[in-house]
Amino acid sequence: MFKQDLLGAYINPIWLADTQQALFNSLMQVMSRPGRLDNWAESLESSPAYLAVLAILLDGEVSLADIDGLLSDDHWPLLQAQNMNAEQANYVLCDGAKAISFQPKLGTLVSPDFAATLILKVSKLEINNGDVRLKLTGPGVDGETVVCVSGLDPVWLEQRNEWCCAFPLGIDCVLVDDTQIMALPRTTKVEIIEINTNKGLN
């Protein structure tokens, strides 16, 4: 349900401070627990989850590349971010079903925090079923965890592992389907354990 802001105007809750604080806390939880899926359905109204992720992370001090045109012109003034090419942007929004066409910022040894964060739109995140089954290990994972992703070209994962092989250089990824989010920080080891070629990419 749309909420009223302080001036009484009705607005999608993803642009309101209380909702953004709650979603930011959720994002921090999934960043610290790779493989954890959080469902934001109750906060999204009709907005896609990737827009809510951008709404809580971006402001006028950072840059964004929308390489697959997922955003509308109306979104940019609300996000406030500078429109930048993917090679230089702080955040890059991508359709995970499409091929990689850029080299993101990986940071430097002195400033690894200058690396890009990728927000990858996929068709479905699940624990047990999906096109690609992944095993995750590393900080924040209790031993190992398995998650499944549909609508993500496996080449993204292979390239992500190459980008992250010289820690602390690398990228952080946030995967989103319609309502759920999951994070793959650069510290997480990602192994593809199965690709279901019968389903193909959605």
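## Burial and the basis of the model

A residue counts as buried when its relative accessible area is under 20%, and as exposed when that area is over 50%. By this cut-off phenylalanine 102, at 8% relative accessibility, is buried. The structure described here is a predicted model.

Helix α5 spans residues 154–163. Its buried residues are Pro154, Trp156, Leu157, Arg160 and Trp163. The elements that cover these residues include the strands β6 (91–95), β7 (117–121) and β9 (132–137). Also among them are β11 (172–176), β12 (180–184) and β13 (189–195). The helix lies across β9 and β13, and α5 runs at about 155 degrees to β13.

In one of them, the ring centres of phenylalanine 102 and tryptophan 163 are 6.3 Å apart and the ring planes stand at 35 degrees, so the pair is classed as tilted. Phenylalanine 102 belongs to the loop between β6 and β7, whereas tryptophan 163 belongs to helix α5; the pair therefore ties together parts that are 61 residues apart in sequence.

Tryptophan 163 is buried, with a relative accessible area of 4%. Phe102, Trp156 and Trp163 together form one aromatic cluster.

## The four-stranded sheet

Four strands make up an open sheet in the order β8-β10-β9-β13, and their pairing is antiparallel. The edge positions are taken by β8 (124–126) and β13; each has a single partner strand, so one side of each is left without a neighbour in the sheet. On average, neighbouring strands of this sheet are turned by 25 degrees against each other, direction ignored.

Strands β9 and β13 pair in the antiparallel sense over six bridges. Valine 132 has isoleucine 195, in β13, as its bridge partner.

## Cysteines

The structure holds zero disulfides. Cysteine 94 is in no disulfide, and the nearest cysteine sulfur, that of cysteine 173, is 8.5 Å away. Cysteine 94 is buried, with a relative accessible area of 0%.

For cysteine 148, the closest cysteine sulfur is likewise that of cysteine 173. The separation is 18 Å, which is too far for a bond, given that a disulfide requires sulfur atoms within 2.5 Å. Cysteine 148 is buried, with a relative accessible area of 2%.

## Aspartate 38

Aspartate 38 is located in strand β3, which covers residues 38–39. With a relative accessible area of 10%, aspartate 38 is buried. Its side chain makes polar contacts with the side chain of serine 26, at 2.6 Å, and with the side chain of arginine 36, at 2.7 Å.

When neighbours within four places in sequence are set aside, the residues in contact with aspartate 38 are Ser26, Val30, Thr179, Gln180 and Ile181.

## Proline 77

Proline 77 lies in helix α4, which comprises residues 75–79. At 60% relative accessibility, proline 77 counts as exposed, whereas aspartate 38 is buried. The C-alpha atoms of proline 77 and aspartate 66 are separated by 14 Å, and these two residues are eleven residues apart along the chain.

Technical notes:
Residues numbered from 1 in each chain as written. Predicted model: local features only at pLDDT ≥ 70, side-chain atom pairs only at ≥ 80, totals over all residues. Heavy atoms only, no water. Buried < 20%, exposed > 50% of the residue type's maximum accessible area, 1.4 Å probe, protein only. Helix = DSSP H or I, 4+ residues; strand = E, 2+ residues; numbered from the N terminus. Contact = heavy atoms within 4.5 Å. Phe/Tyr/Trp six-rings, centres within 6.5 Å; stacked < 30°, edge-to-face > 60°. Polar contact = N/O pair within 3.5 Å; in protein donor to acceptor, adjacent residues only side chain to side chain. Pairing = 2+ DSSP bridges. Axes fitted to C-alpha atoms, helices over the stretch in contact; angles between N-to-C directions.
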